Structure formats: structure tokens, C-alpha cells
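Open the model in your viewer and keep the selection panel at hand. The tour goes stop by stop.

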Amino acid sequence: MNSEHTLGNIGSNEQGFVLVASMMVLLILVVIGISATTNTSIELHIAGNDKVAKKNFYEADGGTELAAEAIEHNISCTGFSSNATHGIYADTLNFWQNPVNATTTKPAAGDRDFCYPSDICDGIDIGVTSLSVGSETAYSTGAAIQQHAGYEGKGKGAAGSGAYLLYDVFSRYRQSADSEASVRLEWRHNIGQEGTCYY
């Protein structure tokens with residue numbers, strides 16, 4: 001009789017189950033908390049990398065805009081008279097004459113034509129925008145007008161065409177050893193349309 005009573009107590013004793021269930025719930029909550037923290041950390045890292053990548057791209061892209069202006073002024077002045085000219089530092093004073101094969105896709109200190117901002121980029125590669133340019137001469141297609149006076153057998157004509165310098169511009173911004181962006185631009189200068197030299 002006594003053994004039956006003991007077996008009945010063992011079957012109805014559920015006090016240990018509450019402890020096991022609460023430990024399982026606690027374990028699940030800890031796992032969820034760790035994964036949420038890890039996920040947030042990864043998302044913050046991705047957002048930070050995206051911000052750096054965009055900054056690098058816009059710095060390099062802005063360099064192409066500056067390069068187009070600098071090319072036009074360099075042509076008008078047939079070269080700059082000093083290395084530091086209105087915000088840029090020119091490693092080569094007459095870079096408008098560079099041949100197209102002189103350009104590099106990754107201009108850097110010692111291998112560039114100019115850089116900005118001028119107050120920090122002399123010999124420095126990190127935190128500055130470096131640019132290289134090279135050009136080739138090409139002929140543009142022309143137009144012709146022919147006028148003929150039939151009864152005189154004489155005609156006169158006028159044909160117009162021209163030449164231009166086609167520049168390859170490479171702009172590179174380096175924020176650190178493993179963070180950079182490069183942008184390439186083609187710039188066309190029509191020969192004979194040089195502006196006034198202000199430098």
C-alpha cells in the first residue's frame with residue numbers, strides 16, 4: 001500500500017517543471033537579446049561604411065568639376081605661374097599639355113598633376129583629392145555650304161570644321177589606406193575658345 005502511495009506522489013509532483021520552464025524561457029530571451037544586439041551592431045557598421053563610401057565618391061566627383069575648370073584656366077594661361085593657385089596645388093604647372101597616355105587611374109602623391117585643398121596636399125595622399133589629366137587632339141566634323149551662280153559658271157563655298165582637345169580626367173579621393181574612390185571624366189576643349197588668363 002505504501003509503494004502505491006509513493007508512485008502516485010511521484011506522478012503528481014510537478015514542482016521541478018516550473019524551474020525548468022523558467023530556465024528555458026530565460027535562455028530564449030538571452031538568445032533573442034544577443035542576436036538583436038549583434039544585428040544592431042552590424043547595421044551600425046554598415047551605415048558607417050556607407051557614409052564613408054558616399055563621402056569618398058562625392059569628394060572624387062567634385063574633383064572632376066574642379067579639374068574641368070582648372071584645365072580651362074591652365075590652357076588660357078598656357079600653364080600656371082605658381083604651384084599654389086586658387087585652392088589647388090599643381091605638381092605640374094602646364095598639365096594642359098599632358099599626352100593622354102600620361103594619365104593614371106589612381107593618381108597619388110608623386111604621380112598626379114594637381115590636388116586640393118592646396119594648403120595640405122603638397123606631398124600628402126590621405127585626406128586630399130588627387131587629379132591627373134591627359135589630352136589628345138581630335139578634329140570635329142564640319143559643315144559645308146556651296147553657292148553657285150549657274151549662268152556665270154562660278155561658285156563659292158565655305159566649309160567649317162575645327163579641332164578640340166579631348167581630356168581624360170582621373171580624380172581620386174583617399175580617406176585612409178583602405179578607403180578611397182576614383183572617378184573618370186572626359187572633358188572637351190574647343191581650340192580657339194580660350195578665355196582670359198586670370199592667374
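What pLDDT does the chain average, and what share of the residues score at least 70? The average is 81, and 80% of the residues reach at least 70. Here pLDDT is the predictor's confidence in each residue, from 0 to 100.

This is a predicted model: local features need pLDDT of at least 70, side-chain atom pairs count only at pLDDT 80 or more, and totals for chains, interfaces and linings use all residues. Residues are numbered from 1 along each chain as its sequence is written, and side-chain values use heavy atoms, with hydrogens and water left out.

**Stop 1: confidence**

Colour by pLDDT. Select residues 2-12, helix α1: confidence is lowest there, at a mean of 54. Now select residues 15-76, helix α2, where confidence is highest, at 91. Helices (H or I, at least four residues) and strands (E, at least two) are DSSP runs, numbered from the N terminus. Where pLDDT is low, the predicted coordinates should not be read in detail.

**Stop 2: disulfides**

Show the cysteines. The structure holds two disulfides (cysteine sulfur pairs within 2.5 Å). Select C77 and C197: the S to S distance is 2.0 Å. The link is right-handed, with 105° about the S-S bond. C77 lies in the loop between α2 and β1 (84-85) and C197 in the segment after β6 (179-190), so the bond ties together parts 120 residues apart in sequence. C77 is buried at 11% relative accessibility, while C197 is partly exposed at 36%. Buried means under 20% relative accessible area, exposed over 50%, and partly exposed in between (1.4 Å probe, protein chains only).

Next, C115 and C121. Their sulfur atoms are 2.2 Å apart. This link is right-handed too, with 75° about the S-S bond. Both cysteines are buried. Counting bonded cysteines along the chain, the pattern is 1-4, 2-3.

**Stop 3: backbone**

Select T78, in the loop between α2 and β1. Its phi is near 45°, a positive value in a residue other than glycine. T78 is exposed, at 57%. Then go to Y116 and P117: a cis peptide bond joins them, with omega about -5°. P117 is in the loop between β3 (114-116) and β4 (129-149).

**Stop 4: rings**

The structure holds three aromatic pairs. Rings of Phe, Tyr and Trp (its six-membered ring) pair if their centres lie within 6.5 Å; planes under 30 degrees apart count as stacked, over 60 as edge-to-face and the rest as tilted. Select F57 and Y58: they are edge-to-face, 5.3 Å centre to centre, with 65° between the planes. F57 is partly exposed at 38%; Y58 is exposed at 56%. Now select F80, F95 and F114, which form one aromatic cluster.

Which residue's charged end sits over the ring of Y164? R188, 4.0 Å from the ring centre. The rule asks for NZ of Lys or CZ of Arg within 6 Å of the ring centre and within 35 degrees of the ring normal.

**Stop 5: salt bridges**

A salt bridge puts a side-chain nitrogen of Lys or Arg within 4 Å of a carboxyl oxygen of Asp or Glu. By this rule there are eight. Select K55 and E59: their closest N and O atoms are 3.6 Å apart. Both lie in helix α2, four residues apart, about one turn.

Move to R112 and D91, with closest N and O atoms 3.1 Å apart. R112 is buried at 6%, and D91 is partly exposed at 31%.

Finish on R174 and E180, at 3.6 Å between the closest N and O atoms.
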